[in-house]
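Dear colleague,

I am passing on the structure below so that you have it to hand. My notes on it follow, and I would be glad if you read them with the coordinates open.

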Amino acid sequence: MRNEEIVALLRTTGLTIGEVGEPMLAGLDETAAARRALEIVAATKILGHVVPVRFGGSTVGGLVEQDEVSCRAVCAVREGLAYHSGLFDVMFAMQGLGSYPIARAGRDALRERLLPEVVSGKQIAAFALTEVE
């Protein structure tokens, strides 16, 4: 099933991403399933909630300014995803956690280059933490 078909099915039937997408992950190894889950999440356009409107994000009904991300919208999406699929939730959350520092404090050139790629699922966002020994 192509991404356009997934979106059409979700819109016409009211099914959740988990209901439609989980069967599409059957038989895939962990890495392939994660990449496919990200493609599905990106196809539904919900990744628009993890970046500001200015960089291809969702307007989220005017909850926030054009340069901000709505934590309420992110939490609402995660709740729906997690109810049906931990993997879809993880892929959505990862994109948000990895892109938020860039959206919040990155230079404009970096934001303009990277954030549209995060929304489209072409780039996987991530972050790393280290601790002093």
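Asp108 is partly exposed, with a relative accessible area of 36%, and its side chain meets that of Arg54 in a salt bridge at 2.6 Å, N to O. The pair links distant parts of the chain, since Asp108 lies in helix H6 and Arg54 in the loop between H3 and H4, 54 residues apart. Arg54 is likewise partly exposed, at 41% relative accessible area. Salt bridges that share partners join Arg54, Asp67, Asp108 and Arg111 into one network.

Please bear in mind that this is a predicted model. The average pLDDT of the protein is 85, and 89% of the residues score at least 70. Among the elements, helix H6 (residues 108-120) has the highest mean pLDDT, 95, whereas helix H1 (residues 3-13) has the lowest, 58. Where pLDDT is low, the predicted coordinates should not be read in detail.

As for the overall fold, the protein has 6 helices and 0 strands, and the pattern read along the sequence is α-α-α-α-α-α. Of its 133 residues, 40% are buried. Among contacts with a separation of 6 or more, 57% are between residues 24 or more positions apart. The protein exposes about 8,100 Å², of which carbon and sulfur atoms supply 53%.

The largest nonpolar core has 28 residues, and those with the most contacts inside it are Ile46, Leu81, Phe88 and Phe92. The elements that give two or more residues to this core are helix H2 (17-25), helix H3 (30-43), H4, H5 and H6, with the largest share, 7 residues, coming from H3. Leaving aside residues up to four places away in sequence, Phe88 touches Ile17, Gly18, Gly21, Glu22, Leu25, Ala37, Ile40, Val41 and Leu81.

The side chains of Arg78 and Asp89 meet at 2.7 Å, N to O; Arg78 lies in helix H4 and Asp89 in helix H5, so the pair ties together parts that are 11 residues apart in sequence. Arg78 is partly exposed, at 34% relative accessible area, while Asp89 is buried, at 9%. The side chains of Glu39 and Arg36 also form a salt bridge, at 2.7 Å, N to O, and both residues lie in helix H3, 3 residues apart, about one turn of the helix. Here Glu39 is partly exposed, with a relative accessible area of 40%, and Arg36 is buried, with 16%.

Ser70, in the loop between H3 and H4, counts as buried because its relative accessibility is 4%, under the 20% limit; apart from residues up to four places away in sequence, Ser70 touches Val60, Leu63 and Val64. Cys71, found in helix H4 (residues 71-84), is exposed, with a relative accessible area of 53%. Lys45, which is in the loop between H3 and H4, has a phi near 75°, a positive value in a residue other than glycine. Most residues other than glycine have a negative phi. Lys45 counts as exposed, at 60% relative accessibility.

With best wishes

Note on methods: Residues are numbered from 1 along each chain as its sequence is written. This is a predicted model: local features need pLDDT of at least 70, side-chain atom pairs count only at pLDDT 80 or more; totals for chains, interfaces and linings use all residues. Side-chain values use heavy atoms; hydrogens and water are left out. pLDDT is the predictor's confidence in each residue, from 0 to 100. Helices (H or I, at least four residues) and strands (E, at least two) are DSSP runs, numbered from the N terminus. Buried means under 20% relative accessible area, exposed over 50%, partly exposed in between (1.4 Å probe, protein chains only). A nonpolar core is a set of buried Ala, Val, Leu, Ile, Met, Phe, Trp, Tyr and Cys residues joined through side-chain atoms within 4.5 Å. Contact means heavy atoms within 4.5 Å. Accessible areas come from the Shrake-Rupley method with a 1.4 Å probe; for residues, only the protein chains shown count as cover. A salt bridge is a side-chain nitrogen of Lys or Arg within 4 Å of a carboxyl oxygen of Asp or Glu.
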